[in-house]
Structures are given as C-alpha cells and as structure tokens.
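Subject: Structure handover

Hello,

Here is the structure I said I would pass on. My notes on what was found in it follow below.

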Amino acid sequence: MFRYVRWMALLSGLTAAPVLGATALQCVPYARIVSGVEIYGDALTWWDQAQDHYKRGSIPKKGAVLAFRPVGPMTLGHVAVVSRILDDRRVLIRHANWSSPGAIEEDVLAIDVSDAGDWSQVRVWHSPTGQMGARINPTFGFIYPAKAKLHPFTPDPALGSSLRYASVAAGTGDGEDGAEAAPLPRAATRMASVQTHAMVAAVSPKPAAPRRKAAPRIEADPFIIEYADNSPSDRSLGDVIADVKRESLMN
C-alpha cells in the first residue's frame, strides 16, 4: 500500500510541476493567458481537451494555440500561441519555458517542415544560439480561441520565475491587438538585441543584390532554413568562398 501511494505521489508531481520543486514559469499558464483558451492540465492533454469546446485544425491563425506532441525529453508536450502569420510555412509565436527554464520568447519564428505542409512537424527559434533549433518537433495542430486576440502577459511570481528572453519588438505594442511587449531588463538588452537582429534576418531576408560579372557572390536561399541542419560547419567561410571562385574559373 505504501509503495502504491508513493508511486502515485511521484506521478502526480511529474504531471503537475517540475521535479525538485522548481518554480520556473511553465508554457501552459503562459499560453492560457496570452491566447484566452481556457484549458488546464499538461500541454499534451490540450488537444483532446479542446474537442467539443474549441475548433481545431491544421491552418495557423493569429491567436491560435499550437499544441506540440510529447517527444524526447519534452515528455509533457508544449503549447505556444501564434502571434503573426508570415506565409504558409512561417509564423511568429509567443511561448514560455522552451529555450531555457521559465524563459518567455515573444514573436519568434516557427517553421512548418512537414512534407504535406500541414504543420504536423515544425522547427522553432532557439534564442540562446540565435538560430533555428535543429530538432524537428511533431505537433497535434492548432486550437482556435473563440476570439482571435493576443492578451498581454504580466510576470507573476505565483506562476514561477521568468525572464523575457527575446522579442522582435521589445517594448513596443503589436499595433493590432493592444498586447504590449514588456521592455527587456537592462542587463539583457544587448544580448536580446543581437538575437533579435539575427532572427529578423531569418524572417525577412534582404533582397538579393544585382548580379555582377566580376566576382562570384554567395547568396543564401531564404527558404533553406526550413531544412537546414544547423550543425556547426567544419569549414570556414574563406574555404567556401575559395571553392566558389575555383568553380567559377573552371566554368
């Protein structure tokens, strides 16, 4: 009997809070407040709980909750809120407790890498490294709130400690929904600024310059990020440029 009670307490603790009493902000309360979708419990249960209460689908919409399936160390799933649609394969999302414990990331890039284009597999921006995460994450789909509106999130110690890690528009409002992004702590401003610039470059690549006949140019395909491995390269940029010049002379 004692063993049964002990195991039940352990399982309850795993599904309700981080182990060892950690108090970092979790993705569920953040997504619930920002989206207005009134669902409780672990993120992996949101998709089934939404049935008969909210519409669900595979098309991203502003204010919708993207529900992630459990995978690898992410045993309880994950939920994020769509803040902006960029195109059929790219959206910006707001979520918490993804790149680091309790971290809030606002308006960061998520890309659909599924073969069917149904958002069943995605890759998500990783703020600490300033690039798209290498892992492909399976999802259930989108849960649509009754009203597509992004609500502001105010850090609350009762929900756990948090840090606003990165934001495309730190300290400025969205201009559409009234939800205002809180300014970054002064100590984190420079770091977040660098991450933001890198992410904006990935979201909105610069137009390609006119071609010149003199020297070959290396132009990045803006869509290659959908399938890039993101693993560090063993070759330097100088090596790549030398190869391009060599191939140009040969042709």
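Strand S8 (residues 137-144) is mostly covered, with 6 of its 8 residues buried. Buried here means under 20% relative accessible area, against over 50% for exposed and partly exposed in between, with a 1.4 Å probe and protein chains only. Helices (H or I, at least four residues) and strands (E, at least two) are DSSP runs, numbered from the N terminus.

Before the rest, the conventions. This is a predicted model in which local features need pLDDT of at least 70 and side-chain atom pairs count only at pLDDT 80 or more, while totals for chains, interfaces and linings use all residues. Residues are numbered from 1 along each chain as its sequence is written, and side-chain values use heavy atoms, with hydrogens and water left out.

Pairing of S8

Two strands are taken to pair if DSSP finds at least two bridges between them.

- Strand S1 (residues 55-57) pairs with S8 in the antiparallel sense over 3 bridges; Arg56 stands opposite Ile143 in S8.
- Strand S2 (residues 65-68) runs antiparallel to S8 and is joined to it by 4 bridges. Ala67 has Gly141 in S8 as its bridge partner.
- Strand S6 (residues 121-126) is also antiparallel to S8, with 2 bridges between them; here Val122 stands opposite Asn137.

Helix H2

Helix H2 (residues 27-35) has 8 of its 9 residues buried, so it is largely enclosed by the rest of the structure. The buried residues in H2 are Cys27, Val28, Pro29, Tyr30, Ala31, Arg32, Val34 and Ser35. They pack against helix H3 (46-50), S2, strand S3 (78-85), strand S4 (90-96) and strand S5 (103-112), where contact means heavy atoms within 4.5 Å. Just after H2, Gly36 takes a positive phi of about 80 degrees.

Whole chain

The chain has 5 helices and 9 strands, in the order α-α-α-β-β-β-β-β-β-β-β-β-α-α along the sequence. Of its 251 residues, 36% are buried. Among contacts with a separation of 6 or more, 57% are between residues 24 or more positions apart. The accessible surface comes to about 14900 Å², and carbon and sulfur atoms hold 58% of that; areas come from the Shrake-Rupley method with a 1.4 Å probe, and for residues only the protein chains shown count as cover.

Regards
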